[in-house]
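Thanks for coming. I have one model to go through today, so please look at the structure on the screen.

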Amino acid sequence: MTSGIHHITAITRKVQLNVDFYAGFLGLRLVKRTAGFEDADQLHLFYGDAKGSPGTLLTFLAWEDGSAGRVGIGQAAEIALAIRPEAIGFWLTRALSHNVAVSGPAQEFGEPVLRFKDPDGIIVKLVGEVGVESPAPWAARGIDQADAVQRIRGATIFSDQPEATASFITTHFGFRAVSEANGIRRLAGDAADIIDIRDAGGFWTSAPGTGTIDHIALRAPDRAAVERVEASLATGDAGATNAHDRKYFYSLYAREPGGSLLEFATDSPGMLVDETEESLGRTLFIPSHLGADPLDVHARLPQFSLPGEERVIERELPFVHRVRRPESHDGSAVVLLHGSGANETSLLPFGVRAAPNSMLISLRGRSADEGYPRFFRRLTPFSFDQKDVVAEAEAFAAFMEDANAAYGLDPERTVHLGYSNGANMIGAVMFLHPHVVKNAVLMRAMNVLETVPEADLAGTNVLMVTGQSDPYGPYAPDLEAQLVQAGARVESRLLPAGHDIGLPDIELARSFVQKVAG
């Protein structure tokens, strides 16, 4: 069989920065965007050459605002991409003009190498390889085909069992040992791809997370080859393996003795199975086996813009948040605050249905209570940490001041929509910082302030939606009375529901947002 690298998969924390680096700076083509095969709410991007050829593919799982991992033993640690040796000068100049830090050129195994770090800190090397040719060259803006990245050159694995790691790869995947220097064993495949195995004995162990490489996928000619390797691993006590149909390839996952995750993936059917070459990377593929609602998936996945496309730049503000732009924006905005234990993606499907033409700003609560995100701490089911409420309300007010400026929000056409803990936060903000919220939808809300300050809420519009059998429902009238007393216009609705929210809540919220949007 023809051995080599099919693709390399890593994890990114900020998808827009990732796109800007790999499609923008490096000039790779975005050839596929999919929802995750294990989790439909996880965006998966594929970059490659003009046709998304095996051996050119870098893929990234988007853990938007996720925790950083740790590079260490049992993990791939570097990505090497092949360029023509004469293109080294071009890339040095391009790095300077794009303000991308670069080191080198240095010599590694007789080849000139430039080193970069991507926005997540992953080391990316450009290696000058004599005679390299891309299967389908892709010329990006500002990069000629002669200077372009041609294909994957290889990857580096950190192992505290380098001999066993090398033996595993050579035995099962067709690589062979070609050289050794400075604690690195170099393996090569038939396609001239290389895997460097660094002796990392004494180094710390790896931890999964953003800024790490998840796995290296090696090339299989067909499904029969994958099944043969699966059978061989099963008889060799190699540990757990699992095979999957990933639509674009059939593959097997296994861990080598040092702990790194490897995949064995077929060349076919390839990236062109559901898109033409001209339209590659434009349509989101959602795996049908998960049974996910496509609208929900689209709502939760992070948005991004390719180089040259119009974009909204997300700012670093006091709260982790997600900005979602509608296809047709009417100038209104909805700020979403989730309930206990949820996150910044939880209410996005609700927001898309209730306000399809509004910009959505969805926040993640900063108070981790019992391990779950909240907007402030709860002491008992019906009592709350007052200092935390006050402090987080002040932080939220600062967030909205910055968000209004950063995203061009009009406070008069902005609706603050919260559920449970998020609704309670909005209610507290209205009394503690009366200038912040002009329009509010409070679902399953109650007053959480032990001392309610005087506030002038004249001109403020509020929709309160309470569940008839909600255990928190009896506390809602007190909040309503306080809002009315402060001068707010309050519309109250009682639904035949509990604490959960559903379609009737969406319909009420949609009507309210439409009035605000004008």
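I will cover the nonpolar cores and then the packing of some helices.

This is a predicted model, in which local features need pLDDT of at least 70 and side-chain atom pairs count only at pLDDT 80 or more, while totals for chains, interfaces and linings use all residues. Residues are numbered from 1 along each chain as its sequence is written, and side-chain values use heavy atoms, with hydrogens and water left out.

A nonpolar core here is a set of buried Ala, Val, Leu, Ile, Met, Phe, Trp, Tyr and Cys residues joined through side-chain atoms within 4.5 Å. Buried means under 20% relative accessible area, with a 1.4 Å probe and protein chains only. The largest core has 67 residues, and Leu26 and Trp91 touch the most other members. Helix H1, residues 15-25, gives the largest share of this core, 6 residues. Helices are DSSP runs of H or I, at least four residues, and strands are runs of E, at least two, numbered from the N terminus. Apart from that core lies another, of 47 residues, including Phe396 and Leu483.

Now helix H9, residues 476-485. Which of its residues are buried? They are Ala476, Leu479, Gln482 and Leu483. Seen down the axis of H9, they fall within an arc of 130 degrees, taken from the directions from the helix axis to the C-beta atoms, so they line one face of the helix. These buried residues pack against H8 and strands E26, E27 and E28, with contact meaning heavy atoms within 4.5 Å. After H9 comes Gly487, with a positive phi near 105 degrees.

How values were computed:
Buried < 20%, exposed > 50% of the residue type's maximum accessible area, 1.4 Å probe, protein only.
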